[in-house]
Amino acid sequence: MRENTRVAPGMTEAVPVRLRISTLLLSNRWLMAPMAGITQSAFRRLVKGFGAGLVTTEMVSAMGLRLGQPKTLRYLIFHPEERPLAVQIFGYDPEAMAEAAGIAVDAGADALDINMGCPVRKVVRTGAGGALLRDPQLAAKIAVSYTHLRAHETSLHLVCRLLLE
């Protein structure tokens with residue numbers, strides 16, 4: 001029997017184990033992690049073709065979305081076969097993060113991913129990514145700023161890693 005399947009009572013065939021993230025029900029538990037410079041639309045479609053239950057965009061700058069920068073807005077372009085799709089947003093300003101989340105939802109995001117784990121210096125130096133773990137109150141403000149999105153029934157999840165210095 002495959003790792004991601006189970007035999008339901010009274011059944012003889014294995015069925016995929018589904019995963020629920022808030023209101024989003026995924027076909028299985030295989031999630032594609034976002035990777036800068038890698039997870040463009042073509043790669044996400046390839047991964048979906050191999051059976052991923054959820055794919056995620058590259059990190060998208062909250063400020064870039066807020067300012068309507070064309071290069072940043074391109075990260076929100078996707079094909080229907082990529083669904084369900086999560087958009088990963090990074091930033092440090094709760095208002096900008098909330099506004100960016102609304103833009104991502106309006107663009108069709110099925111789930112939102114707040115990046116609180118990126119260790120890259122140019123991200124951490126701004127107070128975003130893994131730096132948010134050093135300021136739990138700010139991280140909480142950012143998470144709370146997303147609560148208005150419940151009306152859209154959009155799933156929200158956090159990516160956190162411990163930074164070792």
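# Close-up views of a predicted model

Among contacts in the protein chain (heavy atoms within 4.5 Å) between residues at least 6 apart in sequence, 63% join residues at least 24 apart. This is a predicted model: local features need pLDDT of at least 70, side-chain atom pairs count only at pLDDT 80 or more, and totals for chains, interfaces and linings use all residues. Residues are numbered from 1 along each chain as its sequence is written, and side-chain values use heavy atoms, with hydrogens and water left out.

**View 1. The protein chain has six helices and eight strands.** Helices (H or I, at least four residues) and strands (E, at least two) are DSSP runs, numbered from the N terminus. Starting at the N terminus, the order is β-β-β-β-α-β-α-α-β-α-β-α-α-β. The chain has 165 residues, and 45% of them count as buried. Buried means under 20% relative accessible area, exposed means over 50%, and partly exposed lies in between (1.4 Å probe, protein chains only).

**View 2. The largest pocket holds about 380 Å³ of space.** Its lining has 17 residues, and the closest to the pocket centre are M59, S61, F90, K122 and V123. On a 1 Å grid over the protein atoms alone, a pocket is an open set of points where a 1.4 Å probe fits, with protein on both sides within 12 Å along at least five of seven lines; lining residues have an atom within 4 Å of a point. Grid points are joined across faces, edges and corners, and the volume is the space filled by probe spheres set on the points. β5 (55-61), α2 (62-66), α3 (70-73) and α5 (121-124) each supply at least two lining residues. β5 gives the most, with four. The lining has 10 nonpolar, four polar and three charged residues. Here Ala, Val, Leu, Ile, Met, Phe, Trp, Tyr, Cys and Pro count as nonpolar, Asp, Glu, Lys and Arg as charged, and the others, Gly among them, as polar.

**View 3. Strand β5 pairs with β6 (residues 85-90) in the parallel sense.** Five bridges join the two strands; pairing needs at least two DSSP bridges. S61 stands opposite F90 in β6. Six of the seven residues of β5 are buried, so β5 is largely enclosed by the rest of the structure.

**View 4. Strand β7 (111-116) is mostly covered.** Six of its six residues are buried. In a regular strand the side chains alternate between the two faces of the sheet. A111, D113 and N115 point one way from β7, while L112, I114 and M116 point the other way. β7 also pairs with β6 in the parallel sense, over four bridges. Q88 stands opposite D113 in β7.

**View 5. Helix α6 (136-145) has buried residues A139, I142 and S145.** They cover an arc of only 125° around the axis, which puts them on the same side of α6. The arc is that of the directions from the helix axis to the C-beta atoms. What covers these buried residues includes α4 (94-106) and β7. The face turned away from the buried side carries the exposed residues P136, Q137, K141 and V144.

**View 6. L46 lies in helix α1 (residues 41-49).** L46 is partly exposed, with a relative accessible area of 47%. L46 and E82 are 36 residues apart along the chain, and their C-alpha atoms are separated by 9.0 Å.
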